[in-house]
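This report looks at pockets, at one helix and at one strand residue. The sequence and the structure come first, and the description follows.

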Amino acid sequence: MSYIRSAALEETGYVVLDSYDQSKDPKEWLDLEYVAWKSSGDTRFAPLASAAGEMECNGFWNHTPPRTDKDGVWVPANVVKAPILKARAEEPGANIGRCRVIELQPNSYATALYNLHQDDNNRLNPDGTGWIVRGFFNLSDDKDSFLILREDRFDPETEVRIALPAGAQLIVDTQRFWHAVWQKGPEPRYCLITSYESGPELDAYIAAKHGSPHAATAPLDPAFVQEAQADVRRRLAERAATLAAQGRGAWVDDED
């Protein structure tokens, strides 16, 4: 199928934008209402825009009528508490689908690898329209933590590790990448995650924020990586055996 895509994402599938001065803003995310929603780790979500403006995080294709991840409706009870976060989500001027703040508890590198997943943003997306990507605006100061991106789930050679200090801003094609966050902690990570439709508005925003398709990857000891890989394979095998014993099919990762 032929979709409208951002040329800035063509090379690597992501761009790092100019950093935002998070210190000047109040911590609106601490005042939001969160709902339990399983994603890649121990998480909760505070929806700012959902399919019908309700306090929920379900994919738009699971509503009636089903539709793709576009034309989100603001959730009144949360946006009234977070006008700055709403304005930041709206700044690109692109069509918004789901918009929410994620709260992720601390984890390990191996657990982050275990939770790597690809999003399904473009389910039901009509041919010829804009490809859905995700904006990640880091709110808490997690400079020792990393967004992990892999084009191949089990190949460390395809891994990019992007640091997440307060104010880090990225646009990522999360349907292209297996991704998760290694949150070293000790506090939870908070991030504004927004689904955007690719097109001239998003392109102009990326250009204005000097989007770079390259980020320095933090080095890791190869032995540490291989140990984590082995742990992931062991855990996946145990999970598959448990599901088989229960007469259930293959495990599908939860989508954030």
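## Pockets, a helix and a strand residue

In this predicted model, the second largest pocket is lined by K27, W29, L30, L139, S140, D141, D142, A166, E187, P188 and Y190. Sorted by class, that lining comprises six nonpolar, one polar and four charged residues, and the pocket has a volume of about 150 Å³.

The largest pocket holds about 180 Å³ of space, and its lining is made up of D155, P156, E157, E159, R161, L220, P222, V225 and Q226. Four of these lining residues are nonpolar, one is polar and four are charged. The table sets out the volume and the lining classes of each pocket.

| Pocket | Volume | Nonpolar lining residues | Polar lining residues | Charged lining residues |
|---|---|---|---|---|
| Largest pocket | about 180 Å³ | four | one | four |

Two elements, β8 (159–164) and α5 (222–245), each contribute at least two residues to the lining of the largest pocket, and the largest share, three residues, is that of α5.

At the N-terminal end, α5 is capped by D221, a side-chain oxygen of which lies 2.9 Å from the backbone nitrogen of A223. After the helix comes G247, with a positive phi near 70 degrees.

Which residues of α5 are buried? They are V225, A228, Q229, V232, L236 and L243, and the buried residues of this helix pack against α3 (109–114) and β7 (142–150). Of these, V225 is also one of the residues that line the largest pocket.

Strand β7, against which the buried residues of α5 pack, contains L147. Is L147 buried or exposed? With a relative accessible area of 3%, L147 counts as buried, because that value is under 20%. Neighbours within four places in sequence aside, L147 is in contact with V160, R161, I162, L164, L170, V172, A180 and V181. Among these contacts, R161 also belongs to the lining of the largest pocket.

Note on methods:
Residues are numbered from 1 along each chain as its sequence is written. This is a predicted model: local features need pLDDT of at least 70, side-chain atom pairs count only at pLDDT 80 or more; totals for chains, interfaces and linings use all residues. Side-chain values use heavy atoms; hydrogens and water are left out. On a 1 Å grid over the protein atoms alone, a cavity is a set of points where a 1.4 Å probe fits but cannot get out, and a pocket is an open set with protein on both sides within 12 Å along at least five of seven lines; lining residues have an atom within 4 Å of a point. Grid points are joined across faces, edges and corners, and a volume is the space filled by probe spheres set on the points. Helices (H or I, at least four residues) and strands (E, at least two) are DSSP runs, numbered from the N terminus. Ala, Val, Leu, Ile, Met, Phe, Trp, Tyr, Cys and Pro count as nonpolar, Asp, Glu, Lys and Arg as charged, and the others, Gly among them, as polar. Buried means under 20% relative accessible area, exposed over 50%, partly exposed in between (1.4 Å probe, protein chains only). Contact means heavy atoms within 4.5 Å. A polar contact is a pair of N or O atoms within 3.5 Å; within protein, one must be able to donate a hydrogen and the other to accept it, and residues adjacent in sequence count only if both atoms are side-chain atoms.
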